[in-house]
Amino acid sequence: MRLGVLDIGSNTVHLLVVDAHRGARPMPAYSHKVDLRLTEHLDKDQKLGKVGIERLGSFVEEAVHLAEDKGVEDLLAFATSAVREAANGEQVLAEIDKRCGVHIAVLSGRDEARLTFLAVRRWFGWSSGRLLAFDIGGGSLEIAAGVDEEPDVAVSLPLGAGRLTRDWFTGDPPTADEVRKLRKHVRAEIARRVGDVVRYGEPDRAVATSKTFKQLARIAGAAPSSDGPYVSRSLSRQDMADWALKLTTMKSAERAQLSGVSEGRAAQLAAGALVADAAMDLFEVDRLDVCPWALREGVILRRLDLLPGRLDQLNGTPDQE
C-alpha cells in the first residue's frame, strides 16, 4: 500500500510518501518539507501565535492535497514536542482538523523514543544485540535501550537543539559563559537518567538518528548523503568532543559552510553538539553508528505491523495450478 506520513516537528514539517507492505522495507516515493520552526512562534505564554498557526494549517492543507495526488491510501499525521507543549496545542490541532479533515495525533516524548527505537532495531537487526539509541530533535532528546523491538527504557528530555539555542544563547556565536552554563545544564539533565538506562545492561551497539547527528557525523568525516543510505556512517567520541568545542566558537554563517550542514540548521548545531557530546561522554560511548531511519519510519513500521493478516498467509503463496 502507499502510505503518507505527516510529521509536525519543532523545526520541520515533513510529508513523506512511501510504498510499503508488511515484511518489506518502506520505499520512499515522495518527500516534501518546510522549515516552519514552530518553537519560534511560541509567545511568552507558550501559545502558538496566529502566524505560526496559519503557516502550519496551510502546510497541512497542502500536504493533504499532495498526498491525494500521489495516491496515498492512508495518511498518518503526528506532532511532537512543539505542539505537545504549546498551551493551545489541542485547540490548534482541532482547528486544523476542521479545516483540512485530518486528525493529527500528539506523540508523547516516551512514544517518540519507543517508535524511533523500533526503526533502529529493524534497520540494524537482531544481531546487534542490546541497542542504545539517541535522537536529538528540535525540542527534545530521546534515549532508548533494549534487546527487543520494544525498549526496556525510553526517556525524553527537554534538550532539543532548537529549544536550547533559543533559551540559552543570545549571541552568534554564543559567549563562553553561555556555553559553559548550557554545558553544565545539559550534563546535569542527562546524568540524572544514565542510571535508569544502564541498569538494564551495557549496550552491544550505540546508535544515533536525526538530522543533528547526521550533520555532526558528516562534518567529522562521514560519507555524504548522496552516497546512499546503505553506506556505514559513524561518529567517534573524540571527534564529537573536538567539534563541540569548535562549533560553539563559530558563527552560524561559518557553520553553514561546513560539509553537510544546512543553512536552516546551522544556528542550532552548536547546542546540538553540546548535547551529543554530553550523551556520548556520560554513557561512555566511544562510537555511534548513524541510522538513516528514525521516528517517521518507526511510525510507518508500527502501522504496517497493525495491518490485518490472514491465516492462509502462514503458508506463503499457493502454487499456481
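## Confidence in the model

The protein chain of this predicted model has an average pLDDT of 93, and 96% of the residues score at least 70; pLDDT is the predictor's confidence in each residue, from 0 to 100. Over residues 309–321 pLDDT stays under 50, and the model has two contacts there beyond four places in sequence, a contact being heavy atoms within 4.5 Å. Where pLDDT is low, the predicted coordinates should not be read in detail.

A word on conventions: residues are numbered from 1 along each chain as its sequence is written, and side-chain values use heavy atoms, with hydrogens and water left out. Because this is a predicted model, local features need pLDDT of at least 70 and side-chain atom pairs count only at pLDDT 80 or more, while totals for chains, interfaces and linings use all residues.

## Nonpolar cores

Let's look inside. The largest nonpolar core has 49 residues; such a core is a set of buried Ala, Val, Leu, Ile, Met, Phe, Trp, Tyr and Cys residues joined through side-chain atoms within 4.5 Å. Buried means under 20% relative accessible area, exposed over 50%, and partly exposed in between (1.4 Å probe, protein chains only). Helix 11 (residues 269–282) gives the largest share of this core, 10 residues; helices are DSSP runs of H or I with at least four residues and strands are E runs of at least two, numbered from the N terminus.

F134 is among the residues with the most contacts inside the core. Beyond four places in sequence, F134 touches residues including I143, V207, F213, A279 and F283. Another core, of 29 residues, lies apart from this one, with L56, L66, V72 and I96 among its members.

## Salt bridges

The whole structure holds 25 salt bridges, each a side-chain nitrogen of Lys or Arg within 4 Å of a carboxyl oxygen of Asp or Glu. R122 pairs with E149 at 2.5 Å, N to O. E149 sits in the loop between strand 7 (141–146) and strand 8 (153–157) and R122 in helix 4 (residues 109–124), so this bridge ties together parts 27 residues apart in sequence. R122 also bridges to D305, with the closest N and O atoms 2.7 Å apart. That pair links helix 4 to helix 12 (residues 295–305), 183 residues apart.

## A buried arginine

R265, in helix 10 (residues 263–266), is buried yet has no salt bridge. The nearest side chain of opposite charge, D35, is 5.0 Å away, where Lys and Arg count as positive, Asp and Glu as negative, and His and the chain ends are not counted.
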